[in-house]
Amino acid sequence: MSPSELSFTLRNDRSEVARMYSLLEGFCQAHGIADDELFNVRLVLDEAVINVIVHGYEDTNEHLINVSLRLEDRLLFVHIDDDGVPYNPLDAPPPRFDLPIEQRRIGGLGVHIMKTLARSVEYRREGDRNHLDIEIAIGQDPLAE
């Protein structure tokens, strides 16, 4: 595996999130990814992975979540796959910012943030696995495109 790639597997346990952050930070530092961009990548991974850990399973068994990062030129490609219940985050309705906060539905803001910070987000279900592919521009304003 080239130094511009990182793959790791997490258990569906919140304690694994700290390990994910540590691996992500090391990867970003090794590749000169600025702290503000690390923050954005962390937000995206946080939303995707924690949603799987918290909402992805109907049992209490241990499950594995695979995460891979690949940096090519100025794009970071993130792939996450899990054996959780089928869930396409792209189907989540957008948050209603025009409503008073007490009238807004709970949830959905994290997916909105993920879609805003990423250049693209794609979901597919293959067999019994969810696959989420996220592309994040590095060194560019994600809102400029």
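Reply: A contact, as the word is used here, means heavy atoms within 4.5 Å. This is a predicted model, in which local features need pLDDT of at least 70 and side-chain atom pairs count only at pLDDT 80 or more, while totals for chains, interfaces and linings use all residues. Residues are numbered from 1 along each chain as its sequence is written, and side-chain values use heavy atoms, with hydrogens and water left out.

Me: Which pattern does the protein follow along the sequence?
Reply: Helices (H or I, at least four residues) and strands (E, at least two) are DSSP runs, numbered from the N terminus. The protein has three helices and five strands. Read in sequence order, these elements give the pattern β-α-α-β-β-α-β-β.

Me: What share of the contacts with a separation of 6 or more comes from residues 24 or more positions apart?
Reply: The protein has 145 residues, of which 39% count as buried, where buried means under 20% relative accessible area, exposed over 50% and partly exposed in between (1.4 Å probe, protein chains only). Among contacts with a separation of 6 or more, the share from residues 24 or more positions apart is 64%.

Me: How many bridges join E3 to E5?
Reply: Two strands pair if DSSP finds at least two bridges between them. Strand E5 (residues 129-137) pairs with strand E4 (residues 120-126) in the antiparallel sense over seven bridges, and Tyr123 has Leu132 in E5 as its bridge partner. E5 also runs antiparallel to E3, with Phe77 standing opposite Glu135. The number of bridges joining E3 to E5 is eight.

Me: How many of the nine residues of E5 are buried?
Reply: E5 is a strand that pairs with E4 and is joined to E3 as well. E5 is mostly covered, and its count of buried residues is seven.

Me: Which side chain of opposite charge is nearest to Asp82?
Reply: Asp82 sits in strand E3 (residues 75-82), and, leaving aside residues up to four places away in sequence, touches Val52, Tyr57, Leu64, Ile65, Asp128, Arg129 and Asn130. Lys and Arg count as positive and Asp and Glu as negative, with His and the chain ends not counted, and a salt bridge is a side-chain nitrogen of Lys or Arg within 4 Å of a carboxyl oxygen of Asp or Glu. Asp82 is buried yet has no salt bridge, and the nearest side chain of opposite charge, 5.3 Å away, is that of Arg125.

Me: Which backbone nitrogen does the side chain of Asp82 reach?
Reply: Although Asp82 has no salt bridge, its side chain does reach a backbone nitrogen at 2.8 Å. That nitrogen belongs to Gly84.

Me: Is Asp73 buried or exposed?
Reply: Asp73 lies in the loop between strand E2 (64-72) and E3, and has a positive phi of about 55° although it is not a glycine. Because its relative accessibility is 79%, Asp73 counts as exposed.

Technical notes
Polar contact = N/O pair within 3.5 Å; in protein donor to acceptor, adjacent residues only side chain to side chain.
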